[in-house]
Amino acid sequence: MKCWPVKIAAVLITCFLAFEAAAEDPDFLALSAGVFDFDDDETSAEFRYEYCSDLKLFHIGPFVGLMANTDGGVYGFGGLYLDVFLHRRLVVTPNLAVGGYSQGDSKDLGSVIEFRSGMEIAYRFDDRSRLGVAVHHISNASIDDRNPGVNSIVLTYAVPFHKLYD
């Protein structure tokens, strides 16, 4: 007995419910702190500021941000994110970005142009603010001969933007 129509219906219903939970979410200001290059020899503290817009097309929204580490590395970036709700309170957010990197005394990533990919898992509070952990990889995607890449892990608190001026 073939049950693929039931499986397809279950996937579609799950996707609909996951995105329906996001329908009321506002734009966010996210502040993060953690470890830059946590799995290599040039580890430093990392601090990040991001604005995530509530303007979305097919549940995909834009964001911009600035990252700095304690070795003088700075990365300004912009990209796209997708909130996937596993539960009313649990949000998984894959994201992709491109930006410009200034090395300072930090790790040489081989290029000014760098790409970031990552994922965050967060708990959503009643006021829609979120507390989560994010892991990201930054590299130049081999547009330069030197492409060591870097991995970061951060703790993130995202507050709805309107709460900053209410």
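Student: How many cavities of 30 Å³ or more does the structure hold?

Tutor: Keep in mind that this is a predicted model. The structure holds 1 cavity of 30 Å³ or more.

Student: And how much space lies in the largest cavity?

Tutor: About 210 Å³.

Student: Which residues lie nearest its centre?

Tutor: The lining of the largest cavity has 18 residues, and nearest the centre are E50, C52, T93, N95 and E120.

Student: You mentioned E50. What does E50 form a salt bridge with?

Tutor: Its partner is R116, with the closest N and O atoms 2.9 Å apart. That pair links distant parts of the chain, since E50 is in strand 2 (residues 44-52) and R116 is in strand 7 (residues 113-124), 66 residues apart.

Student: Are those two buried or exposed?

Tutor: Both E50 and R116 are buried.

Student: Which ring does the charged end of R116 sit over?

Tutor: The ring of F77, at 4.5 Å from its centre. F77 in turn belongs to an aromatic cluster together with F63, Y75 and Y81.

Student: Nice, let's switch to rings then. How many aromatic pairs are there?

Tutor: The count comes to 6 aromatic pairs. One of them is F63 with Y81: the ring centres are 6.4 Å apart and the planes stand at 70 degrees, so the pair is edge-to-face. F63 lies in strand 3 (residues 60-69) and Y81 in strand 4 (residues 74-82), so this contact ties together parts 18 residues apart in sequence.

Student: Why does F63 count as buried?

Tutor: Because its relative accessibility is 3%, and buried means under 20%. Y81 counts as buried too, at 6%.

Student: What about Y123 and F125, how do their rings pair?

Tutor: Their centres are 5.0 Å apart and their planes are at 75 degrees, so that pair is edge-to-face. Y123 is partly exposed, with a relative accessible area of 38%, and F125 is also partly exposed, at 33%.

Student: Back to charges. How many salt bridges does the count come to?

Tutor: The count is 12 salt bridges. Among them is R89 with D126, at 2.4 Å from N to O. R89 is in the loop between strand 5 (84-85) and strand 6 (90-102), while D126 is in the loop between strand 7 and strand 8 (130-139), so to speak a link between distant parts of the chain, 37 residues apart.

Student: Is R89 buried or exposed?

Tutor: R89 counts as buried at 17% relative accessibility, whereas D126 is exposed, with a relative accessible area of 60%.

Student: What does R146 form a salt bridge with?

Tutor: With D108, the closest N and O atoms being 3.2 Å apart. R146 lies in the loop between strand 8 and strand 9 (150-160) and D108 in the loop between strand 6 and strand 7, so the pair ties together parts 38 residues apart in sequence. R146 is partly exposed at 39%, and D108 is partly exposed at 30%.

Student: Last one: which residues do salt bridges that share partners join into one network?

Tutor: D25, K56, D83, R124, R128 and R130.

Terms used
Residues are numbered from 1 along each chain as its sequence is written. This is a predicted model: local features need pLDDT of at least 70, side-chain atom pairs count only at pLDDT 80 or more; totals for chains, interfaces and linings use all residues. Side-chain values use heavy atoms; hydrogens and water are left out. Rings of Phe, Tyr and Trp (its six-membered ring) pair if their centres lie within 6.5 Å; planes under 30 degrees apart count as stacked, over 60 as edge-to-face and the rest as tilted. Helices (H or I, at least four residues) and strands (E, at least two) are DSSP runs, numbered from the N terminus. Buried means under 20% relative accessible area, exposed over 50%, partly exposed in between (1.4 Å probe, protein chains only). A charge sits over a ring if NZ of Lys or CZ of Arg is within 6 Å of the ring centre and within 35 degrees of the ring normal. A salt bridge is a side-chain nitrogen of Lys or Arg within 4 Å of a carboxyl oxygen of Asp or Glu. On a 1 Å grid over the protein atoms alone, a cavity is a set of points where a 1.4 Å probe fits but cannot get out, and a pocket is an open set with protein on both sides within 12 Å along at least five of seven lines; lining residues have an atom within 4 Å of a point. Grid points are joined across faces, edges and corners, and a volume is the space filled by probe spheres set on the points.
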